[in-house]
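Please open the model in your viewer and keep a selection panel to hand. The tour below moves from one selection to the next and says what is found at each stop.

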Amino acid sequence: MMKPLRWLIRTTVFLVVLLAGPALISACSTQSGQSWRDADRSSAGIAPLPGQTEEAIVQVYGARAYNWRGNFAVHTWIATKARGASTYVVHDVTGWGHKAVRSRPGEPDTAWYGNPPMLLADLRGEKADAAIINIRTAIAAYPFANEYTAWPGPNSNTFVAWVIRQVPELDVALPNLAIGKDYLADGVFAKAPSGSGYQFSLNGYFGLMASIREGVELNILGLNIGIDPLALAVKLPGIGHIGLRDPWMDRSTWHKAPVMEQVSDAN
């Protein structure tokens, strides 16, 4: 009788710890009851105006998901501007519409239904030129173009992680809050999205990642907990990255972008 009881207690404690972060974010959130129609979708002013910038640009963004989903996860997307183009093209995946993948002209750095965006990567010039060609090829080959499942995937983060894996110019470490990034298209082993390590994943429900850029992450039911030695940080479900250094951005690609709120901030 004692062994089953101990197992139950340990399992309960573990689940409480796993869900403590999302519960804390929910308690601090101001989004409850807000309609998506009234939510802020304005530009954050991070991206340069296309009419004032000749060079090619590729940017990756993330923001808390809308409503209660934001207690657990972020939504990520990619924006591109070809050399000399007068507008950006925003590439992402959503759960509405007849096709999950969307590539359309638009502002790259808008709030995601009330939640401010954070810049995760910023490429310019010749490197961005090459990346845009590879991004178009990757999007055309994305295996879940007409599929969307919020949890554990394939979703918006599955799409962005897939594209990053196919584009060598995109050295991006997605936040641990990007639920769905560990949903693999084929098999149970793959390179980490940043390309600096490897991961094992069982359809996004359970997995393990070890990477120079991402650190070590344990995925349990889509929630990631881990450590990032290079950033001197821990990664907690719901809360995100807590550390002393920027966990995602390659500083060589940072182009005087304004300091934005951390993705781990729910407000």
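A nonpolar core is a set of buried Ala, Val, Leu, Ile, Met, Phe, Trp, Tyr and Cys residues joined through side-chain atoms within 4.5 Å, where buried means under 20% relative accessible area, exposed over 50% and partly exposed in between, with a 1.4 Å probe and protein chains only. The model is predicted, so that local features need pLDDT of at least 70 and side-chain atom pairs count only at pLDDT 80 or more, while totals for chains, interfaces and linings use all residues. Residues are numbered from 1 along each chain as its sequence is written, and side-chain values use heavy atoms, with hydrogens and water left out.

**The whole chain**

Begin with everything selected: the chain has three helices and twelve strands, taken as DSSP runs (H or I of at least four residues for helices, E of at least two for strands) and numbered from the N terminus. Of its 267 residues, 50% count as buried. Contact here means heavy atoms within 4.5 Å, and among contacts between residues at least 6 apart in sequence, 56% join residues at least 24 apart.

**The largest core**

Next select Val58, Ile135, Val163 and Leu170, which touch the most other members of the largest nonpolar core, a set of 34 residues. The elements that give two or more residues to this core are strand 1 (57–64), strand 2 (74–81), strand 5 (118–124), helix 2 (125–141) and helix 3 (156–166). If you centre on Leu170 and leave aside its neighbours within four places in sequence, its contacts are Val58, Val60, Leu123, Ile135 and Ile164. A second, separate core has 14 residues, among them Ile46, Ile57, Tyr61 and Val90.

**Helix 2 against helix 3**

Show helix 2 and helix 3 together: their axes, which are lines fitted to C-alpha atoms over the stretch in contact, come within 9 Å and cross at roughly 130 degrees. With angles running from 0 to 180 degrees between N-to-C directions, and with under 35 degrees counted as roughly parallel, over 145 as roughly antiparallel, 65 to 115 as roughly perpendicular and the rest as oblique, helix 2 and helix 3 are therefore oblique to each other. To see the contact, select Ile135, Ala138, Ile139 and Ala141 of helix 2 with Phe159, Trp162, Val163 and Gln166 of helix 3.

How many of the eleven residues of helix 3 are buried? Nine are, and helix 3 is thus described as mostly covered; what covers its buried residues includes strand 1, strand 2, strand 3 (89–93), strand 4 (101–105) and helix 2.

Stay in helix 2 and pick Ala131, which counts as buried because its relative accessibility is 0%. Not counting residues up to four places away in sequence, Ala131 touches Val58, Leu123, Val167 and Glu169; Val167 is 36 residues away in sequence, yet the C-alpha to C-alpha distance is 6.4 Å.

**Backbone stops**

Move to the loop between helix 2 and helix 3, where Pro152 is found, and display the cis peptide bond that joins Trp151 and Pro152, with omega about 0 degrees. Pro154 is found in the loop between helix 2 and helix 3 as well, and the peptide bond from Gly153 to Pro154 is cis, with omega near 5 degrees.

Finish with Asn203, in the loop between strand 7 (197–202) and strand 8 (206–211), which is not a glycine although its phi is positive, at about 55 degrees. Leu221, in the loop between strand 9 (215–220) and strand 10 (223–228), is likewise not a glycine and has a positive phi of about 55 degrees. Asn203 counts as partly exposed at 46% relative accessibility, and Leu221 counts as partly exposed at 47%.
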